[in-house]
Amino acid sequence: MSTDDSKFREDVSACAAALNEHLPRLAARHTGLVLMAAMAEHVGGALQILMKSGQCTPEQARTLLAELETLVFAALSAPSPPGHPSGAAKGK
């Protein structure tokens, strides 16, 4: 991994940690689905802004979205842990 990649990953981790500090307050006020829908709107809008400003190519945006899709659906193909039936957390 290059130094640029390593720095990028460190920055992503730091930003995710900062977001995690705020998520519990939002989750206390909104359902999980509403929170995720609002975050999806922000992600889509941010990607459009980044592409229009030349900070991100459409291919980079598609790659990011594909990585997100992989993360989301990977759990569906993995076996459920004992005592946690598949879909037990749906709805929130």
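**Pocket, charges, cysteines**

Guide: The largest pocket holds about 1600 Å³ of space, a volume being the space filled by probe spheres set on grid points joined across faces, edges and corners. A pocket here is an open set of points on a 1 Å grid over the protein atoms alone, where a 1.4 Å probe fits, with protein on both sides within 12 Å along at least five of seven lines; lining residues have an atom within 4 Å of a point. This is a predicted model: local features need pLDDT of at least 70, side-chain atom pairs count only at pLDDT 80 or more, and totals for chains, interfaces and linings use all residues. Residues are numbered from 1 along each chain as its sequence is written, and side-chain values use heavy atoms, with hydrogens and water left out.

Visitor: Which residues lie nearest the centre of the largest pocket?
Guide: Val-12, Leu-19, Val-43, Leu-64 and Leu-68, out of 33 lining residues.

Visitor: How many salt bridges does the count come to?
Guide: One, where a side-chain nitrogen of Lys or Arg must be within 4 Å of a carboxyl oxygen of Asp or Glu. The side chains of Lys-7 and Asp-11 form it, at 2.8 Å from N to O.

Visitor: Is Cys-56 buried or exposed?
Guide: Buried, at 11% relative accessible area, whereas Cys-15 is partly exposed at 44%. Buried means under 20%, exposed over 50% and partly exposed in between, with a 1.4 Å probe and protein chains only.
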